[in-house]
Amino acid sequence: MSLRVQKQKRKVQTDVLVVGGGTAGFVAAVAAARNGARVILVEKRDHLGGTHSGGMVMMIRSMRHMRAPKGPDDKKVMIAGYESSFDDQQVVFSIAQEYIDRMLEAGSAWGAKGQATARQLFDPEIAKWMIERMVLEAGVDVWMYSHSTDVLMAGHAVNGVVIESMLDRSEITAKVTIDTTGDGEVCAAAGARFEQGDPETGYGQPLTLYFVIGGVNLEKTLDYIRNNPAEFGPDYVAAVDRLRREGKPFTVLPFKARIKEALRKGDYPIPHGIEKVDPETLTYMARPMFRNGKFRYDLLSHNLDMAYNVDATDRKQLTEATMAMRDVAVRMAAFYRKYVPGYEDSYLVHTAQAVGVRDSRRIVGDYTLTREDVLAGRTFDDGIGRYGSVVDVHDKDGKQSLMLAEVGGAGWFHVPYRVLLPAGIKNLLVAGRCLSADYVAQGCTRSQAACMMTGQATGTAAALAIRAGVEPRAVNIEELQKTLIAQNQII
Ligand SMILES: Cc1cc2nc3c(=O)[nH]c(=O)nc-3n(C[C@H](O)[C@H](O)[C@H](O)COP(=O)(O)OP(=O)(O)OC[C@H]3O[C@@H](n4cnc5c(N)ncnc54)[C@H](O)[C@@H]3O)c2cc1C
C-alpha cells in the first residue's frame, strides 16, 4: 500500500510564542511562563539550548565583569584560568544562575553554588536535558522539529508565525512573539531592518565547528608543555601546571612549534576562506571536558576559527563552510595524532550537532547599542540588566584571532529595553545574539550570559505586556525592572 502525506493545516493560539529554543530562547520561555503567560517554544532542531548545548560552546561567558589582558603573556594566563576565576563582580543572576546551580547539583558544571565563574564550564550534553526539565517544569509547550518559515502580519504588527513540520503546517497566533533564532529569522521575515558584518568590509566573524577528541593521554601532553616554556611562555606553563595540580579547569593553547612543522610538511589544515595561518598569532583552545563530576583528561573539546568570510544566512555558503569545517576537524585530529605528544592514540569522537555562528543579522531596534556604550559602561533609564564581559570580536582574515576589550565605567553597561524592540514592528521582541547592537557591541552581547539575561527580559516583558493589554513597546519600564529585580536580577 502506498502512502501519501497530506499536510494538516492547523491553527493554534497562545499568549507568548518564542521562536528558537536556544541560549536566549529557553530562558525567555521560562520567564514568560513563570510570569503567568501561556507559552509555546518552537525549535527547528531535535534539542534545546542551541549554540550553548548542540553547538558545544560549553562555557558561559560571563556572568561577571571581565578584565582585559595586559599583554600577550597575560592573555595566555587569563585564557588558561578563566574557567576557575571567581574574581570581579558578578552582574548576571536570576534564571541563568539558577540554571548553573542545577547543573552543579547534577555534577554537570564545575564551580560553586550561588555564584558563577568568569567562564562557567558545563557539560553540553546534560545541558540539553536540564533545559528540557526547566521549560517543562515552567509549563512551556515545546515544539521541536518545527521550523518557523513565515510570519503572520497585520500591517506592521506580528500576529504569529507559520511552522512547518513533517506532518503539519501550523499557523500559531500569539499576542507577543519573541525572536530568539540567533539569525533574526522572524524579524527579517516581518520586514524589520537589520545590519550584518563589519561596516567596513561587510564580513562577519569566523565560524567554528566544535569537535571533541578522545583517547588523549593529557599527562604526556602536559609534560611536553612543561618542558617547553619557550614555546608556550613560562607564565602560561606555570598557570596550567598549578591549575592541573589543584584539579581546576584549564585551557590548552596551540602547539606553535608543532604547527610550524606541520605547516612546512602540508599537514596542517588551512581554514576555509583564507589562504594561510600565522602560528604566532593563531589562538585556539582545547579543554578537558567535565562530565559526571570529574574532568575527563582523555576527552578534550576543541574550538578554533575554521571558516572565514561566510554569510551564515546564505544556505549555499553555509553548506560549503560546514563541509569544509568538518574536513578541518578531521584533519586537525590527524595533525594532533601525528605531531602532539599524548595524542598518538587519539580519535575524533564527534563534531558539534550545530555549527557555531558568531554573528549574522543584527536587528535594528528602537535603539542600537554602540561600541561606545559598551566600552564606557553606560547606564540607561530603561536598562533591563547589566553586562560586563569583554568584547570578543574574532578577526576576519586569520591574522589575529581575538580582540578582547574591557567594559569601562563601573565595569558593566546597561542593556536598554529598546534594543529588544525591532524598529517599526509591533508585538515582536528580539533577544540573544541578533538583538540591536553595532558590530563591536555585538561582540559583547553575543556571549551566553547576555543572551540568557536578554532572553529573560523579553519573556518577562511579553508577559507583562499581555497582562496590561498593551504591546511590548508600551510596557511600563519601572514595572518591568521591578519584576526582574524581584526575580533576582540586578539592574
Ligand atoms: C564557536 C563559538 C564560540 C563561542 N564561545 C563562547 C564562549 O566561550 N562563551 C560564551 O558565553 N559565548 C560564546 N559564544 C557565543 C554564544 O555561544 C552564542 O552567541 C549564543 O549561544 C547565541 O545564543 P542565541 O540564543 O542567540 O542563539 P542560539 O543559542 O544559537 O539559539 C538559536 C536557536 O534558534 C533555533 N532556530 C533558528 N532558526 C529557527 C527557525 N526558523 N525556526 C525554529 N527554530 C529556529 C536554532 O536551532 C537554535 O536552537 C561562542 C559562539 C561561537 C559560535
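Contact here means that heavy atoms lie within 4.5 Å of each other, and helices (H or I, at least four residues) and strands (E, at least two) are DSSP runs that are numbered from the N terminus. The structure is a predicted model, in which local features need pLDDT of at least 70 and side-chain atom pairs count only at pLDDT 80 or more, while totals for chains, interfaces and linings use all residues. Residues are numbered from 1 along each chain as its sequence is written, and side-chain values use heavy atoms, with hydrogens and water left out.

**An enclosed helix**

Helix H2 (residues 72-81) is largely enclosed by the rest of the structure, because seven of its 10 residues are buried, where buried means under 20% relative accessible area, exposed means over 50%, and partly exposed lies in between (1.4 Å probe, protein chains only). The buried residues of H2 are Asp74, Lys75, Lys76, Met78, Ile79, Ala80 and Gly81. Among the elements that cover these buried residues are helix H7 (229-232), helix H8 (234-245), strand S11 (285-291) and strand S17 (403-405).

**The surroundings of the ligand**

Of the 33 residues around the ligand, Thr23, Glu43, Thr51, Met59 and Arg446 come nearest. At least two residues of this shell are supplied by each of helix H1 (23-34), strand S3 (59-61), strand S6 (147-154) and helix H13 (448-468), and the largest share, three residues, comes from S3.

A polar backbone atom of Arg61 is 2.7 Å from an oxygen atom of the ligand, and a polar backbone atom of Gln448 is 2.8 Å from an oxygen atom of the ligand. For Ser148, a backbone N or O atom lies 3.0 Å from a nitrogen atom of the ligand. Taken alone, the ligand exposes 1,000 Å², and the protein buries 98% of that; accessible areas come from the Shrake-Rupley method with a 1.4 Å probe, and for residues only the protein chains shown count as cover.

Arg362 lies in strand S14 (residues 361-363) and counts as buried at 3% relative accessibility. Its side chain reaches the backbone oxygen of Ala437 at 2.9 Å. Not counting residues up to four places away in sequence, Arg362 touches a set of residues that includes Phe194, Glu195, Cys434, Leu435 and Tyr439.

Gly184 is placed in the loop between S8 and helix H5 (185-189), and it is buried, with a relative accessible area of 0%. Leaving aside neighbours within four places in sequence, Gly184 is in contact with Asp179, Arg361, Ile363 and Cys434.

Thr454, in helix H13, is buried, with a relative accessible area of 1%. A polar atom of the side chain of Thr454 lies 3.2 Å from the backbone oxygen of Cys451. Beyond four places in sequence, Thr454 touches Val415, Leu420, Ala431, Gly432 and Leu435.

**Salt bridges**

A salt bridge is a side-chain nitrogen of Lys or Arg within 4 Å of a carboxyl oxygen of Asp or Glu, and a search of the whole structure finds 39 of them.

| Pair | N to O distance |
|---|---|
| Lys175 and Asp15 | 3.1 Å |
| Asp305 and Arg358 | 3.4 Å |
| Lys482 and Glu478 | 3.9 Å |

Lys175 lies in strand S8 and Asp15 in strand S1 (residues 8-19), so this pair ties together parts that are 160 residues apart in sequence. Lys175 is partly exposed, with a relative accessible area of 47%, whereas Asp15 counts as buried at 9% relative accessibility. Asp305 is buried, and so is Arg358. Lys482 and Glu478 are separated by about one helical turn, because they are four residues apart in helix H14 (residues 477-486). Lys482 is exposed, with a relative accessible area of 55%. Elsewhere, Asp223, Arg226, Asp241 and Arg245 are linked in a network of salt bridges.

Note on methods: Polar contact = N/O pair within 3.5 Å; in protein donor to acceptor, adjacent residues only side chain to side chain. Near = heavy atom within 4 Å.
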